[in-house]
Amino acid sequence: MTPAASAIARRRRFRRRLGAAGERCARALYRALGCAILCGNYRTRFGEIDLVVRDGACLVFVEVKTRRPGSRYDPRASWLGGQRRRLERSALDYLKRTELVKAPYRFELVEVVRSRFRLHHLHRHRVDKI
């Protein structure tokens, strides 16, 4: 493996670990709020739903965005593009497969700012469904 390929592989592993840590933080947040975690990393042909949560009678489809401190990346910016449509299509697929088509649902974006050893910021953004 060339040095450049090795560096790319290390960055990918780091991003995967950072993302997994962010999803663990989001799970803990929803558990602390008294929500039931129905599933995580639900994959469809349209994309992946990071978390599916039951908040009372409402299903919540959660997208988790994790970043490092000092990053200028705004996680809400990706929500405006094609990612929102992919998540909506994946959510409809989940509702059909679980026969919960008539259940009320909403989307939330969880922003996690975390370094290697410490959680710096955790924020939920409620997003209206279309």
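Author: Welcome! A residue is called buried under 20% relative accessible area, exposed over 50%, and partly exposed in between, using a 1.4 Å probe and counting protein chains only. The model here is predicted, so local features need pLDDT of at least 70 and side-chain atom pairs count only at pLDDT 80 or more, while totals for chains, interfaces and linings use all residues. Residues are numbered from 1 along each chain as its sequence is written, and side-chain values use heavy atoms, with hydrogens and water left out.

Reader: Why does N41 count as partly exposed?

Author: N41 has 33% relative accessibility. Partly exposed covers what lies between the buried and exposed limits, so N41 counts as partly exposed.

Reader: Where does N41 lie, and what is its phi?

Author: N41 lies in strand 1; helices (H or I, at least four residues) and strands (E, at least two) are DSSP runs, numbered from the N terminus. N41 is not a glycine, and yet its phi is positive, at about 55 degrees. Most residues other than glycine have a negative phi. E99, also not a glycine, has a positive phi of about 60 degrees. E99 sits in the loop between helix 3 and strand 4 and is exposed because its relative accessible area is 71%.

Reader: How many helices and strands does the protein have?

Author: The protein has three helices and five strands. Along the sequence they follow the pattern α-β-β-β-α-α-β-β. Of the 130 residues, 40% are buried.

Reader: What makes the Y42 and Y94 pair edge-to-face?

Author: The structure holds five aromatic pairs. Rings of Phe, Tyr and Trp (its six-membered ring) pair if their centres lie within 6.5 Å; planes under 30 degrees apart count as stacked, over 60 as edge-to-face and the rest as tilted. The ring centres of Y42 and Y94 are 5.0 Å apart and the planes stand at 90 degrees, so this pair is edge-to-face. Y42 in strand 1 and Y94 in helix 3 (residues 82-97) are 52 residues apart, and their pair links distant parts of the chain. Y42 and Y94 are both buried.

Reader: And why is the pair of F61 and F107 called tilted?

Author: The planes of F61 and F107 are at 35 degrees and the ring centres are 5.8 Å apart, so the pair is tilted. This pair, too, links distant parts of the chain: F61 is in strand 3 (residues 58-67) and F107 in strand 4 (residues 105-114), 46 residues apart. Both F61 and F107 are buried. Ring pairs join Y42, F61, Y94, Y105 and F107 into a cluster.

Reader: How do you know that D55 forms a salt bridge with R106?

Author: A salt bridge is a side-chain nitrogen of Lys or Arg within 4 Å of a carboxyl oxygen of Asp or Glu. For D55 and R106 the closest N and O atoms are 2.8 Å apart, and the pair forms a salt bridge. D55 lies in strand 2 and R106 in strand 4, so the bridge ties together parts that are 51 residues apart in sequence. D55 is partly exposed, with a relative accessible area of 31%, whereas R106 has 11% relative accessibility and counts as buried. Shared partners join the salt bridges of D55, R106 and E108 into one network.

Reader: How many salt bridges does the count come to?

Author: The count comes to seven. Among them is the bridge of E48 and R43, with N to O at 3.2 Å. E48 is partly exposed at 26% relative accessibility, and R43 is exposed at 65%. K65 and E63 also meet in a salt bridge, at 3.7 Å from N to O; both K65 and E63 are buried.

Reader: Which residues form the positive surface patch?

Author: The patch is formed by R10, R11, R12, R13, R15, R16, R17 and R68. R13 is in helix 1 (residues 3-32) and counts as partly exposed because its relative accessibility is 41%.

Reader: Why does R45 count as exposed?

Author: R45 has 77% relative accessibility, so R45 counts as exposed. R45 is found in the loop between strand 1 and strand 2 (48-55).

How values were computed:
Patches are made of residues with over 30% relative accessible area and no salt bridge: like charges are joined within 9 Å, nonpolar side chains (Val, Leu, Ile, Met, Phe, Trp, Tyr) within 5 Å. Accessible areas come from the Shrake-Rupley method with a 1.4 Å probe; for residues, only the protein chains shown count as cover. Lys and Arg count as positive and Asp and Glu as negative; His and the chain ends are not counted. The place of a charge is taken as NZ of Lys, CZ of Arg, CG of Asp or CD of Glu.
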